Amino acid sequence: MNSTPSVPTLDCDVLVIGSGAGGLAAAVTAAYHGLKVIVVEKSSVCGGATSWSGGWAWAPGNPLAKAEGVNEDKETFRTYLRAVLGDDYRERNVEAFLEAAPHMVGFFQEKTSLQFVPGSKINDIYGKLPGAGKGNRSVGPKPLNARSIKPALRAKMRHQLYETSFLGMGIMAGPDLSKFLSASQGNLKGIFHAGWRFGFHLLDLLTHRRNMQLVNGTALTGRLMKSADDLGVDLRVSTPATALLRDDNGKVTGAVVRSPEGELQINAGRGVVLATGGFPNDVQRRKELFPKTPTGREHWTLSPRETAGDGINLAESVGARFRTDVKSPAAWCPVSLVAYRNGRTGVFPHIMDRAKPGSIGVRSDGKRFVNEANGYYDYVEALIAATPEGETVESWQIADSRFVRKFPLGMAKPLPVPLFPYLRSGYLIKGRTLEELATKCGIDPAELRRTVARFNANARDGVDPDFGRGGTAFNRYSGDPTNRPNPSLGALGKGPFYAVRVVPGSFGTFAGVDTDGLSRALNDDGVPIEGLYVAGNDQANVMGGHYPAGGINLGPALTFGYIAGRHLAGADSYEDDGTRATVPSAAEPRAQW
């Protein structure tokens, strides 16, 4: 039906389009079960937005938690998600995720090169809601020395996002980051740790011209790529898919791709997995779906430029439904813009600094608008809601002189890194007084003074009656444990004062292709499109556009990629603590799990 006999052909069992967490998880799982798998990637490197992420995946009930003696009942997870998601709780897909996530972690941990560390102290965001977790629901990738990856494969790996590195060196959230921060405060163990880490980084740059100490998202994609390579997966970069192929019965049977050697038809006997990273760089869709983004360009994503909605466009071309009925179309993150001398604009995600004591976020009216220590999603959602129609959606993260020498303020690093490069570029604004700072930033000076005075008086008592900052375990863990009485609350004291302009950004998109619990694309009637699977941010978000915990992008991406790979391979069971859970085989498709 869609044959192109003049184009060279290549045959496989499974074609995966996209190479982030979802696509690679599907590829590794299918290949482990004996299928011939080809992965095609539009970019010249693999990893997508996953490589630029923190690498943590929300996977409640995982075996690493059980190994630490944490055995939570699945109903606890349901209770929490129902409380957060409300009417957006889609039982079919949530159940599929909760059932498969522990198996996914166990599979990769035991059968592949993807090894995890437990998120023992990572709390769910909304700690006051029923069922909220206080740790052990997330897993992150173990650091990886890239020397263990053969050079040809290493050349296809995306580097760490420069803005979240230290001169290209990744720093892992947790003990690694804590030791770096303690070094800025003169801690000898921290200084030694930072010294040897950075020393090895310099050696890597001299000998390999790249960072070889992989952490966070680079470790996750590096381990997945190594696992795929070990299993014989054919990883092809600079090869965008341009059209899906179907047979006379409408089954998706492959795709036409544009390779460096020319156009190529890839026939996939079992099916195709779309995992191209959603549409964060599709300006037209942003204009249509993102709030207070009138041209589509008032938004700065942390995803690579290749994530422009290709997978969604391909899915729609064969009748798949694009779901926009989610609470939010994107996974919001507050970001600041870094202007480089070469004309490039970098995007820095404000993940850690907002919760540290001695800093607040305000709009141009000089007023706070959010609990700054809550999740990054909540910050942007509140900022958008607080901004009147027609005004620029922006805020200012403000800190005192002690803060900027102890903690990062955006991309500005603490001691011993000097502040003058950030001041010279205009990234960091400095004022001897709050009023001077406000004038330079375009903030109401009198209102800012009143806001800081009120915040300081309450912070000294360890409370925030206005927004509840520091009132949850999530807030306090993200703060400074040495700060009393509340790790997340500290007065803005001695000047000079500093500010960074913060604007809306995102890690990726939540609106996406409608799927069932087996990751199969659904048409407008809710019927699976045979041979077409969707994972990662191409898939409509299983959390309904909410953000209940860190890692709710990567956890579902890995899990639904794993589900797709198993179903394509016809795997019908897996073991979990001696029990067996049965799923439909590929030969017996079913609309619901």
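1. E68 touches P118, S120 and N136, leaving aside residues up to four places away in sequence; contact here means heavy atoms within 4.5 Å. With N136 there is also a side-chain polar contact of 2.8 Å (a pair of N or O atoms within 3.5 Å; within protein, one must be able to donate a hydrogen and the other to accept it, and residues adjacent in sequence count only if both atoms are side-chain atoms).

2. A word on the basis: this is a predicted model, where local features need pLDDT of at least 70 and side-chain atom pairs pLDDT 80 or more, while totals for chains, interfaces and linings use all residues. Residues are numbered from 1 along each chain as its sequence is written, and side-chain values use heavy atoms, without hydrogens or water.

3. Where does E68 sit? It is found in the loop between α2 (63–67) and α3 (74–85); helices (H or I, at least four residues) and strands (E, at least two) are DSSP runs, numbered from the N terminus. E68 counts as partly exposed because its relative accessibility is 44% (buried is under 20%, exposed over 50%, partly exposed in between, with a 1.4 Å probe and protein chains only).

4. Do look at helix α4 (residues 91–111) against helix α17 (residues 554–569): their axes are 8 Å apart, at an angle of about 85°. Axes are lines fitted to C-alpha atoms over the stretch in contact, and angles run from 0 to 180 degrees between N-to-C directions. The two helices are therefore roughly perpendicular (65 to 115 degrees; under 35 is roughly parallel, over 145 roughly antiparallel, the rest oblique). Residues making the contact include F97, M104 and F107 of α4 and L558, F560 and I563 of α17. The residues of this contact divide into 11 nonpolar, four polar and no charged (Ala, Val, Leu, Ile, Met, Phe, Trp, Tyr, Cys and Pro are nonpolar, Asp, Glu, Lys and Arg charged, the others, Gly among them, polar).

5. The structure holds 18 aromatic pairs (ring centres of Phe, Tyr and Trp, its six-membered ring, within 6.5 Å; planes under 30 degrees apart are stacked, over 60 edge-to-face, the rest tilted). F279 and F290 form a tilted pair, 6.3 Å centre to centre with 50° between the planes. F279 is buried at 0% relative accessibility, and F290 is buried at 4%.

6. F369 and Y379 form an edge-to-face pair, 5.2 Å centre to centre and 75° between the planes. F369 lies in the loop between β16 (359–362) and α11 (376–386), and Y379 in helix α11.
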